[in-house]
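Reader: I have a structure to read and I am new to this. Can you take me through it step by step?

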Amino acid sequence: MIACLRLLSALCLAALLAACASSPSSSLGELPRTPDASIEQLLEKAAQSKTPEQAALFRLSAADLAYKQGNAGQSAQILQQVPIEQLKPGQQVFASTLAAELAMTRNQPKAALTALSHPSLQRLGELPVEQQVRTGTVHARALEADGQTLAAARERIFIAPMLEGEAAAKNHEAIWTLIASLPTDQLQPTTTDDLGGWISLALAVKTAGTLEQQQAAIDTWRAQNPKHPAAVQLPLPLTKLKELASQPLSKIAVLLPQADGPLAAVSKALREGFMAAHYQAQQAGQQPPAIVFYDSSKMTSQPPQMSLDEFYRKAQADGVQLVVGPLEKPLVKQLSARPQLPITTLALNYSEGEQGPAQLFQFGLAAEDEAREVSRRARADGLHRAAAMVPKGEWGDRVLKAFSQDWQANGGSIVAVERVDQPVQLAQQIADMFKLRQSEGRAKSLQSTVGSQVAAQPSRSQDIEFIFLAATPQQAQQIKPTLNFQYAGDVPVYATSHVFSASGDVNQYNDMNGVRFCETPWLLDANDPLRKQVTAQWPQAAGSLGRLYAMGVDAYRLAPRLGQLKALPDSRIEGESGSLGMTQNQRVVRQLPWAQFVSGQVQRLPDTPR
């Protein structure tokens, strides 16, 4: 009986070992497999193993099992006990791959790439297909997370022929997402292989203008590359583009307040800008959609004369395919809280929540976009340490938060923050920001020590490389001269568009000499043909209201292209209110050109790489 038990035990151990290793053995070494045993049993067998290689194999298998069961901490702990440098090359590849997967669970792509740089990876092609796919997949994920988009796509293209079924389909879509996210200037096909084909497809789609032109570009590319994987199976976003092209817009509803009220001037500018773009399309020989207007103030009156549901029912009955509006924030908030909308809607404001229904897109002149634009420009100019001056109150807090998050997420630091309220406090606030009082204190201390008058000029802190300024023109007029007075006139000031009144008052601009600010293309390009037409009819469009006219124009141009922006990550529309892109939660965001005040004039600055 005892002999039988011993035999059974020996057979179990042999079966366990067979389950843990691939066969036959070679110079690459046996690879662990997911075993028919628990983590504890594997670790026990490792402790009982007679050879270090056998023990390492059991531990590798236990670490892998812990990872697959979602216990990354335990997996990492077990993997640390494996002497990787003593393993055979195939086992080193396995261990390095697992180490990279664990690093990705900690969101550490650089650590993952370091693990995958092990010399044993040179022999990856000799290992079974399953291992090549596993290693290639985590390598692609790490490269993507590290910002190496093209390299990530190249890795996914390499493993694509080894995949089948759902895994192959997911990898196929992931390749397109990566390639399509590259800026146009990086889409230069230099080879005729699969990667070159993917790049030429993305370039063809991105450089085409309308949906119809994009569809023609896709068809031409497929005819030229009939055997390419993307020609055999068109990526899903491009399939959606085809559907969009077959459903052109014929009627748009504009939902804006038409009654007198606090939003009357804003609504008027948006409406006139929108219709100006519509008439321009007609003059160009296009067949633009019909426009029908609805009054959103009926929904905000007390008591309401119409509900959102009633509006959508009427719009559907009228054959409307797209709604532009509403403008009022409470109505946008209501829309964003709904699970779905009966008609695709481009709201002209932003809700507070992150993600609304799939049919809701949001567009506005958000000050937060401009704060992030300041962050981007300052980084491009090689700056690292910022001070911030924003108005007291909720608006200033929002703008400061947007700037701070973007600036610090990209490695910048914020040395000081001042909230501007009463102009009489400006001198003290700026002195505090640059630690001028400390400098004066040091001079007085030195004077008392030497016992005689010391010729000392206060020196400012050198920590601050530039000032982020969000302020009205009136505040900015006082801030810049105060900086000069407080020995900080040479510190660059990067501002949002709010410092620019577009009034043409040279004396006002003289006080802001050197201040840099982001602004809409509409207000920086007086020679734009549409702007010339609009300002001839509505002179106020050349002033600060021009930003709203520009937004109205862009709302019209965005309407038929929302699907494009959604389907093609990182694609942009060059608009009058900025270069327009879309976030994953379907918010249109702007990037802006730059200018500065020079001797009372507005001088446009050269663009920097995006």
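Author: Start with one term. Contact means heavy atoms within 4.5 Å. Keep in mind that this is a predicted model.

Reader: Which residues of α14 meet which residues of α26?

Author: On the α14 side, they include V266, L270, F274, A277 and A281. On the α26 side, they include L548, M551, G552, A555 and Y556.

Reader: How are two packed helices described?

Author: By the angle between their axes and the distance between the axes. Here α14 and α26 pack at about 50°, with axes 7 Å apart.

Reader: What do we call the arrangement of α14 and α26?

Author: Angles of 65 to 115 degrees count as roughly perpendicular, under 35 as roughly parallel, and over 145 as roughly antiparallel; the rest are oblique. So α14 and α26 are oblique to each other. The crossing of α14 past α26 is right-handed.

Reader: What angle do α2 and α3 make?

Author: Helix α2 covers residues 39–48 and helix α3 covers residues 52–68. Their axes cross at roughly 165° and come within 8 Å. Therefore α2 and α3 are roughly antiparallel. α2 passes α3 in a left-handed crossing. Among the residues that meet are L42, L43 and A46 in α2, and F58, A62 and L65 in α3.

Reader: Why does the F274 and Y556 pair tie together parts that are apart in sequence?

Author: Because F274 lies in α14 (residues 264–283) and Y556 in α26 (residues 546–558), the pair joins parts 282 residues apart in sequence.

Reader: Is F274 buried or exposed?

Author: F274 is buried, at 2% relative accessible area. Y556 also counts as buried, at 10%.

Reader: How many aromatic pairs does the structure hold?

Author: It holds 16 aromatic pairs. Rings can also cluster: F403, W407, F466, F468, Y494 and W594 form one aromatic cluster. R134 lies over the face of F94, 5.3 Å from the ring centre.

Reader: Now the whole chain. How many helices and strands are there?

Author: The chain has 27 helices and 15 strands. Buried residues make up 48% of its 610 residues. Take the contacts with a separation of 6 or more: residues 24 or more positions apart account for 63% of them.

Methods. Residues are numbered from 1 along each chain as its sequence is written. This is a predicted model: local features need pLDDT of at least 70, side-chain atom pairs count only at pLDDT 80 or more; totals for chains, interfaces and linings use all residues. Side-chain values use heavy atoms; hydrogens and water are left out. Rings of Phe, Tyr and Trp (its six-membered ring) pair if their centres lie within 6.5 Å; planes under 30 degrees apart count as stacked, over 60 as edge-to-face and the rest as tilted. Helices (H or I, at least four residues) and strands (E, at least two) are DSSP runs, numbered from the N terminus. Buried means under 20% relative accessible area, exposed over 50%, partly exposed in between (1.4 Å probe, protein chains only). A charge sits over a ring if NZ of Lys or CZ of Arg is within 6 Å of the ring centre and within 35 degrees of the ring normal. Axes are lines fitted to C-alpha atoms, for helices over the stretch in contact, and angles run from 0 to 180 degrees between N-to-C directions. A crossing is left-handed if the near helix is turned anticlockwise from the far one by less than a right angle, and right-handed if clockwise.
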